[in-house]
Amino acid sequence: WNFDTFNQKADRIYRMAHRSPDVYMEKNEYASSPAPLAPALLRDFPEITRATALTMDENARLRAGDVYSTESGLLADEHLFSIFSFPMYAGNPETALIEPNAIVLTTSLSRKLFGDDDPMGQIVDVQGWTSGSYSVTGVIEDVPDNAHFTFDFVTSLVSEPEYRRNLENNEWRDSNWFTYFVLQDGVNITQLERRMAAFDTKYMGHLEPEDRMQFFAQSLTSIHLRSDLNFELSANGDIRIVLFLSSIALAILLLACINYMNLAIVRSMKRAREVGIR
């Protein structure tokens with residue numbers, strides 16, 4: 001129940017997913033989105049204060065000197081830390097991911113790669129989605145287990161040629177990224193959803209019907225238990241299983257209460273006889 005609630009803006013953070021004419025695994029709803037979506041949301045919706053694009057970089061191989069490690073990471077833009085509450089011990093959260101070939105480590109990974117040495121400015125070789133040499137620009141607290149996506153490092157998204165190409169070419173057909181945004185305090189998401197049809201037409205109207213997407217927002221705190229889309233960032237839970245197990249727990253508790261009441265009544269009758277005799 002408490003997934004993603006550690007984020008200070010959890011009640012105002014949303015993920016933009018989409019529906020597509022293309023059906024995959026018997027579903028036509030996808031958690032991913034195109035690269036130009038985040039800047040377009042900021043341009044067209046004044047009530048959105050921040051938007052970020054990211055994607056997973058799973059099973060990447062990292063090397064620092066003679067130390068090797070296989071980790072799961074993110075590719076994200078510079079707005080990641082202004083949306084999600086990942087406290088940074090070293091570096092500037094506003095600028096850590098602006099430059100190409102920048103990498104932010106968690107404290108556990110920093111100790112694994114550099115021990116007690118200061119990691120800032122050190123070079124880490126990454127063999128993953130985007131391979132190359134990265135300079136450490138920040139160290140953050142380990143990601144809580146109750147986040148719907150977890151990672152050990154973050155590399156700057158501008159290091160990824162495909163993302164830059166999609167952004168520069170205004171490519172709306174490729175949905176290889178994940179878009180999150182923050183609403184202004186006091187703004188209801190329904191105000192934004194009323195204008196999504198016009199937004200879809202503006203940016204999808206020039207595409208062939210089979211390439212057009214219909215975007216819809218998902219509340220951050222509902223993703224883990226209530227989202228079952230194609231290409232989720234990680235395996236989610238299921239609200240039906242939680243409710244089923246909770247109902248079993250309540251039934252057991254009810255039976256225990258009934259048994260206790262029966263035993264108490266029987267015992268009270270015995271005690272009443274003892275009191276009468278005394």
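Residues are classed here by relative accessible area, computed with a 1.4 Å probe and with protein chains only as cover, such that buried means under 20%, exposed means over 50%, and partly exposed lies in between. The model is predicted, and local features therefore require a pLDDT of at least 70 and side-chain atom pairs a pLDDT of 80 or more, whereas totals for chains, interfaces and linings use all residues. Side-chain values rest on heavy atoms, with hydrogens and water left out, and residues are numbered from 1 along each chain as its sequence is written.

Helices (H or I, at least four residues) and strands (E, at least two) are DSSP runs, numbered from the N terminus. Strand β1, residues 13–24, pairs with strand β2, residues 27–30, in the antiparallel sense over 3 bridges, where pairing requires that DSSP finds at least two bridges between the two strands. Within this arrangement Tyr24 has Lys27 in β2 as its bridge partner. The two strands form a hairpin with 2 residues between them, and Met25, in the turn, has a positive phi of about 55 degrees.

The structure holds 11 salt bridges, a salt bridge being a side-chain nitrogen of Lys or Arg within 4 Å of a carboxyl oxygen of Asp or Glu. In one of them, the side chains of Asp228 and Lys27 meet at 3.4 Å, N to O. Because Asp228 lies in the loop between α7 (223–226) and α8 while Lys27 lies in strand β2, this pair ties together parts that are 201 residues apart in sequence. Asp228 is exposed, at 56% relative accessibility, whereas Lys27 is partly exposed, at 26%.

A salt bridge also joins the side chains of Glu94 and Arg50, at 3.8 Å, N to O. This pair likewise links distant parts of the chain, with Glu94 in the loop between β5 (88–90) and β6 (102–106) and Arg50 in strand β3 (residues 48–64), 44 residues apart. Glu94 is partly exposed, with a relative accessible area of 40%, and Arg50 is partly exposed, with a value of 27%.

Within helix α8, the side chains of Arg271 and Glu274 form a salt bridge at 2.7 Å, N to O; these residues are 3 apart, about one turn of the helix. Arg271 is partly exposed at 44% relative accessibility, and Glu274 is partly exposed at 27%. Helix α8, which spans residues 239–277, also contains Ile241. Together with Phe244, Leu245, Ile248 and Ile252, Ile241 forms a nonpolar surface patch with about 500 Å² of accessible area in total.

Turning to buried positions, Met196 lies in helix α6, residues 196–204, and has a relative accessible area of 5%. Beyond its neighbours within four places in sequence, Met196 is in contact (heavy atoms within 4.5 Å) with Met16, Phe45 and Phe215. Met196 and Phe215 are 19 residues apart in sequence, with a C-alpha to C-alpha separation of 7.1 Å.

Ser69, in strand β4 (residues 67–76), is likewise buried, with a relative accessible area of 6%. With residues up to four places away in sequence not counted, Ser69 touches Ala60, Arg61, Leu62, Leu109, Lys112 and Leu113. The side chain of Ser69 also makes a polar contact with the side chain of Glu71, at 2.3 Å.

Technical notes: Patch = residues over 30% accessible without salt bridge, like charges linked within 9 Å, V, L, I, M, F, W, Y side chains within 5 Å. Areas by Shrake-Rupley, 256 points an atom, 1.4 Å probe, with all protein chains shown as cover. Polar contact = N/O pair within 3.5 Å; in protein donor to acceptor, adjacent residues only side chain to side chain.
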